[in-house]
Amino acid sequence: MLPPRPLAAQKGRGAVSNLQGRYEVNARERFDDGWVHEDDEDEAPAPFRTQVTDEFAKTILSRNSSPDIPFNVSLNPYRGCEHGCIYCFARPSHSYLGLSPGLDFESRLFAKVNAPDLLRRELARPSYVPEPIALGVNTDAYQPCERALGITRRVLEVLHDCEHPVALISKSSLIERDIDLIAAMAAKNQAIAAVTITTLDPDISRTLEPRAAAPARRLRTIRRLTDAGIPVRVSVAPVIPFITEPELERVLEAARDAGAVSAHYVVLRLPWEVNPLFQEWLQAHFPERAQRVMNRVRDLRGGKDYDSDFSKRMHGEGVWADLIRQRFVKAVERLGMNAASGRFAQLDTSRFKRPLVVPTAPAKQCGNATGQLDLFG
């Protein structure tokens, strides 16, 4: 009997498996039943095709009270993320849908097609109090399918018309499409942007975040946003020991040269299913240093793979966490990139005006498009 075929990376995908979500009732395990022949071992697995499903969301604004996050309100036009970043902290959210945080997360996406209408209704509420909205936090608002769907663009149009402040974070050059809206808002101190750069090495980026813009392309995006008058912050996240960590200062310098005015960093986080998925990725791409990476991750997490404590989850703890912090602080001071710290909280909410046209809430449908009554309507 042959041993199970080792996990192998698929071109254009970050995860190397479709690991089960933690809420699934029935467990699945790879098992060689004797039907696999040696000649079949060289056959590549069938590629995962990206599927985008329309979703009619019930609500669109998410609120949090986490003390280590600089915003209270966020908006995510999509679920899942085709960029395929193996380290993405949002992967476990696909478990709530009965899908895998692995390959499903980056190939089975959901587009909240009614997001602009929901936002207009939310902003029109008499009780609504404006505060900056972070756009595209859980998953990138600039998915490849955004080119055709334009949901993020329409959300920005709502915020622009209402003079409502927004902060965007992305690793896609598609954000440049909306410079006209973002720049107009930035001129009124109502918009800022952040671009994530984990590495300058295109080979590492190609496996770490396979469908995101290349590092050099993201630097050009920073330049174009900056030239349009939009304050840009670089997010060096995550810092992965022995993978991206050696480049910390070089990434900051390249971003400064491209026009970024401030920076922040986050050390690698491995919540829930991200932990086994990341370790599978390590074995597939960096087997010779996988154990070394995980040993250092545990040094940063008090001996554990992950610690969700608010005071530790972003930057870690201990000697190595302190060393990374010192390196970052010294580099930012040397490069003059701390001038815009706290800019998120300083975005102007005083100009906010409620939308003039408010879509009515859709009636509950009890039938299908042809008028046929639904048995369960």
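Val52 stands opposite Leu109 in strand β5. This pairing belongs to a predicted model. Strand β1, residues 51-55, runs parallel to β5, and five bridges join the two. On the antiparallel side, β5 pairs with strand β4, residues 78-79, over two bridges. There, Arg79 stands opposite Phe110 in β5.

The protein has 377 residues, of which 50% count as buried. Among contacts with a separation of 6 or more, 80% are between residues 24 or more positions apart.

Strand β9 spans residues 232-239. Seven of its eight residues are buried, so that β9 is mostly covered. Strand β8, residues 191-196, runs parallel to β9 and is joined to it by four bridges. In this pairing, Thr196 stands opposite Ser235 in β9. β9 also pairs with β10, again in the parallel sense, over five bridges. Here the bridge partner of Arg233 is Ser262 in β10.

Strands β9 and β10 also take part in covering helix α8. Helix α8 comprises residues 248-258, and its buried residues are Leu248, Val251, Leu252, Ala254, Ala255 and Ala258. Viewed down the axis of α8, these residues fall within an arc of 165 degrees, and so they line one face of the helix. The cover over them includes helix α7 (215-227), β9, β10 (262-267) and helix α11 (319-335). Just after α8 comes Gly259, which takes a positive phi of about 120 degrees.

Beyond residues up to four places away in sequence, Leu252 touches Val234, Val236, Ala263, Phe328, Ala331, Val332, Leu335 and Met337. In soluble globular proteins, nonpolar side chains tend to be buried together.

The structure holds five aromatic pairs. One of them joins Phe278 and Trp281, which are stacked at 5.6 Å centre to centre with 25 degrees between the planes. Both residues lie in helix α9, residues 274-285. They are three residues apart, about one turn of the helix. Trp281 also pairs with Phe286. This second pair is tilted, with 5.5 Å centre to centre and 55 degrees between the planes. Phe278 and Trp281 are both buried, and Phe286 is buried too.

Two other rings have an arginine over the face. Arg22 lies over the face of Trp272, at 4.4 Å from the ring centre. Arg269 lies over the face of Phe89, at 5.2 Å from the ring centre.

Asp178 sits in the loop between β7 (166-170) and α5 (179-186). Asp178 counts as buried because its relative accessible area is 0%, where under 20% is the cut-off. With neighbours within four places in sequence left aside, Asp178 is in contact with Tyr142, Arg153 and Leu156.

Key:
Residues numbered from 1 in each chain as written. Predicted model: local features only at pLDDT ≥ 70, side-chain atom pairs only at ≥ 80, totals over all residues. Heavy atoms only, no water. Phe/Tyr/Trp six-rings, centres within 6.5 Å; stacked < 30°, edge-to-face > 60°. Buried < 20%, exposed > 50% of the residue type's maximum accessible area, 1.4 Å probe, protein only. Lys NZ or Arg CZ within 6 Å of the ring centre and 35° of its normal. Contact = heavy atoms within 4.5 Å. Pairing = 2+ DSSP bridges. Arc of directions from axis to C-beta.
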